[in-house]
Amino acid sequence: MKQKIVLHFPSMVTEQPFTYYLIKEYNLMVNILKANINPRKEGRMVVEVSGDSKNYQDGMEYLQSRGVKISPLEQEIVWLEDRCTQCGACVIICPVGALAMDRPEMKVTFTGEKCIVCEHCLKSCPARAMEVRY
Ligand code: SF4
Ligand code: SF4
């Protein structure tokens, strides 16, 4: 089987060699399509994993047992700029700087490529200007 998935790493596990384990211990092929990993920060990696379905299942269970969240590739965060009131609440909460405050204009910006789909901003936005799309 072959599957494209998104791996979400909590900050305490970003330095662990998960792809190495998937290849070595579970005999899976791992093709990294996109990665945003920083030491001691939450991270996100888009990968294509292929191999025997039992190995795939075991490999995913191994990742989950280590605190890695797995979601379908289709999931992404969108910023509805017309709803945004520029309050800045999401800028403080975003762990990777995908939401930022441009100075000196003090204007909120969203950079989708940096987003790790942690969904923290969804809860913090009073205007419901952040949405998850599949
Ligand atoms: S989901 Fe929101 S808070 Fe999380 S990284 Fe993306 S923009 Fe930042
Ligand atoms: S929390 Fe919502 S309304 Fe406030 S700046 Fe962020 S997106 Fe805009």
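Modeller: Start with a term. Domain bounds come from an automatic or database domain assignment. Here the chain splits into domain 1 (2-72) and domain 2 (76-133). This is a predicted model, where local features need pLDDT of at least 70, side-chain atom pairs count only at pLDDT 80 or more, and totals for chains, interfaces and linings use all residues. Residues are numbered from 1 along each chain as its sequence is written, chains are lettered from A and ligands numbered from 1 in the order in which they are written, and side-chain values use heavy atoms, with hydrogens and water left out.

Biologist: How many helices and strands does the chain have?

Modeller: Helices (H or I, at least four residues) and strands (E, at least two) are DSSP runs, numbered from the N terminus. The chain has four helices and eight strands. Along the sequence they run β-α-β-β-α-β-β-α-β-β-α-β. The C-alpha atoms fill a box of roughly 50 × 30 × 20 Å along the principal axes.

Biologist: What separates the centres of domain 1 and domain 2?

Modeller: Taken over C-alpha atoms, 26 Å. Seven residues of domain 1 and nine residues of domain 2 make the contact, meaning heavy atoms within 4.5 Å.

Biologist: How do I read the size of an interface?

Modeller: It is often given as the accessible area lost when the parts come together. Buried area uses a 1.4 Å probe and is summed over both parts. Between domain 1 and domain 2 about 650 Å² is buried, and carbon and sulfur atoms give 48% of that. In domain 1, Asn36, Glu42 and Arg44 lose the most area to domain 2, together 65% of what that side buries.

Biologist: How many salt bridges and polar contacts cross the interface?

Modeller: A salt bridge puts a side-chain nitrogen of Lys or Arg within 4 Å of a carboxyl oxygen of Asp or Glu. The rule finds zero salt bridges between domain 1 and domain 2. A polar contact is a pair of N or O atoms within 3.5 Å; within protein, one must be able to donate a hydrogen and the other to accept it, and residues adjacent in sequence count only if both atoms are side-chain atoms. Four residue pairs across the interface are in polar contact, both residues at pLDDT 80 or more. On the domain 1 side, β2 (29-36) and β3 (43-50) each give two or more residues.

Biologist: Which residues come nearest to ligand 1?

Modeller: A residue is near a molecule if one of its heavy atoms lies within 4 Å of it. Of the 13 residues around ligand 1, Cys94, Cys115, Cys118, Glu119 and Cys121 come nearest.

Biologist: And around ligand 2?

Modeller: Cys84, Cys87, Gly88, Cys90 and Cys125 come nearest, out of 14 residues.

Definitions and conventions:
Buried area is the accessible area (1.4 Å probe) that two parts lose on being put together, summed over both.
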